[in-house]
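Me: I am new to this structure. Please take a close look at one part, the sheet, and then go on to a helix contact.

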Number of protein chains: 2
Amino acid sequence: MDEQKRTELDQLGEFELINRLTNKFKTQNNSSLYGVGDDAAVINSNDKEAILASTDALIEGVHFDLTYVPLSFLGYKAISVNVSDICAMNAKPEQVLVSVAVSNRFSVEALEELYNGIAEACEFYKVDLVGGDTTSSTSGLIINVTVLGKANKNKITYRSGAKEYDLIVASGDLGSAYMGLQVLEREKMVFDENPSIQPDLDGNDYIIQRQLKPQARLDIVKQLEELEILPSSMIDISDGLASEVMHICKSSKKGCVLYMEKLPIDTKTVSAALDFNLDHNTCALNGGEDYELLFTISQKDFDKIKKHPNFSVIGHVTSENEGMYLVDKNDSAIALKAQGWKHF
Amino acid sequence: MDEQKRTELDQLGEFELINRLTNKFKTQNNSSLYGVGDDAAVINSNDKEAILASTDALIEGVHFDLTYVPLSFLGYKAISVNVSDICAMNAKPEQVLVSVAVSNRFSVEALEELYNGIAEACEFYKVDLVGGDTTSSTSGLIINVTVLGKANKNKITYRSGAKEYDLIVASGDLGSAYMGLQVLEREKMVFDENPSIQPDLDGNDYIIQRQLKPQARLDIVKQLEELEILPSSMIDISDGLASEVMHICKSSKKGCVLYMEKLPIDTKTVSAALDFNLDHNTCALNGGEDYELLFTISQKDFDKIKKHPNFSVIGHVTSENEGMYLVDKNDSAIALKAQGWKHF
């Protein structure tokens, strides 16, 4: 390789890299209904149903810092973030396979803590641990979870189905997990400088919980079913709202208008952002790890959700050539930019 | 955790550890037909068929050494070892999800090399890449593959089905991948001491190929089908024959007798073992990564395979209280011991 061209990983974005690595693959089996490019793959099961599959790795030093993340919470989170990918397809999770690689600085008891969190999440989401792999690593802790889910084929929602004039809806609130991370990072710095100082997490329980123990919104999938709403498109918000809206728009070949004043932001997120001199709207737009659902619905379904505390209509879908915009509090339209997460 | 008991990971065997971590999990979904404890999990698909799922991680510094493993071979191997788990259930692989974590010492071109190998294997096994995750790692390269397969429910073979008097059969030959590893490790040492010396791999192509680019025996699964043989139990030989025979016996609550003189060992493995002052039978029994299939069949099927070059009858199943023995060339019965791989 030495004399050949060397392109650094950070020269490409994550999605460009994935595209470059996977575009040479061709589908050979009829059972592969949908492959790379959405929150989960879709595999034929029977006439009515499909099986959904998704995989996600959490890597020490990249995705988590064990200085402030309890192992049981980490186990719980590893399941949540994967279950969230199945929810984003409007499906229900049923099985997980968990690969764990650890160095010998971890004890059996530490791994049991991790698996206690995994077990708690599995019970909560009614998911079965059906397989895995346990091996050693040369340095840190690596958790790779694959989740399988099930859905009626006619209920599966892709990123690509948004239609012009559809409403853009977000579940829950945004930016809180990001602010939780800021608080944890601050207390870590204080602790590193003076280990005798106890962490000051007072009043930040909510945002810290959102960071350390995120919940996949399986409840939202069930509510949509009860309300008889079939979203035209859906994605989970893992990399920040702006990035996810843009995924939906690009996959659907549409544009959008979002309204800043409609962004659902908890008061605790607002006050933490104030503490850190951050703009809470930016946190909601570009902070990651909310694991809320972002979806589009037909306007005719508006009445079904308008009074529902779990749902916020934050904008609407436009035609592709109208672009992707955010209207701020001064009524100025700003072109959306996705910052998402830079992994390299 | 500090004041609590600390059990080191290497105090438990791999299987004891997995058992301790997973025994608290309860199955909650009817679709989970079989969970932890075999080569793959079994998930209900429709009246006739089930979906098989398995996951395996390859970790730099633990499972491979990039000094002598070309990245494209590594990609191929990552798929092979996972496909092998599906073959071990007498099923056919259909999809893979590939998670890759890399540090920035890797270039985009290096990752493309890896994916070239993955693509070659996917095409060879007729498997579709349907998902994955690409992220950064703090140090080395980590590849986690999840493979999904399909089988008629009445054809799935578990480890637990061996019956007394069944014949024990191995595909291909054993110990060659282990000898390939010895040659590669030797040449690495020579190179480390004197980088101007070219590696001496002459005459060792076969065993090196077996180590670097193992083939999952999907062809054997198809041959068994053509021969109308349904094995009573099956496992793939990844940790050494002795360890795998013991898995089948323990799962099936049976004993066994293996005959040393029946072990299928290639002449190239024998001569390489001689070079290294190793006993080739020990290499076949305890060397790893053969990825051959080990299975048990009813005696009535013997005629169907007796002239088949791919199959070697190496022993038979006995009752549990007769124990697990190897008969050596002096007709002495030696209790089987599994060395397998120590990962911690």
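Reply: Start with the sheet in chain B. This is a predicted model. The sheet is open and has seven strands.

Look at the edges next. Strand 8 of chain B covers 233-237, and strand 13 of chain B covers 333-335. Each has a single partner strand, so one side of each is left without a neighbour in the sheet. Neighbouring strands of this sheet are turned by 25° against each other on average, with direction ignored.

Strand 12 of chain B, residues 324-327, pairs with strand 13 of chain B. The sense is antiparallel, and the pairing runs over three bridges. Here Val327(B) stands opposite Ala333(B), which lies in strand 13 of chain B.

Then turn to the helix contact. The crossing of helix 3 of chain A past helix 1 of chain B is right-handed.

Which residues make the contact? From helix 3 of chain A come Val108(A), Leu111(A), Glu112(A) and Tyr115(A). Helix 1 of chain B supplies Leu17(B), Arg20(B) and Leu21(B). By class, this contact of helix 3 of chain A with helix 1 of chain B has five nonpolar residues, two charged residues and no polar ones.

Terms used. Residues numbered from 1 in each chain as written. Chains lettered and ligands numbered in written order. Predicted model: local features only at pLDDT ≥ 70, side-chain atom pairs only at ≥ 80, totals over all residues. Pairing = 2+ DSSP bridges. Helix = DSSP H or I, 4+ residues; strand = E, 2+ residues; numbered from the N terminus. Axes fitted to C-alpha atoms, helices over the stretch in contact; angles between N-to-C directions. Left-handed = near helix turned anticlockwise from the far one by under 90°. Contact = placed C-beta atoms within 7 Å. Nonpolar A, V, L, I, M, F, W, Y, C, P; charged D, E, K, R; others polar.
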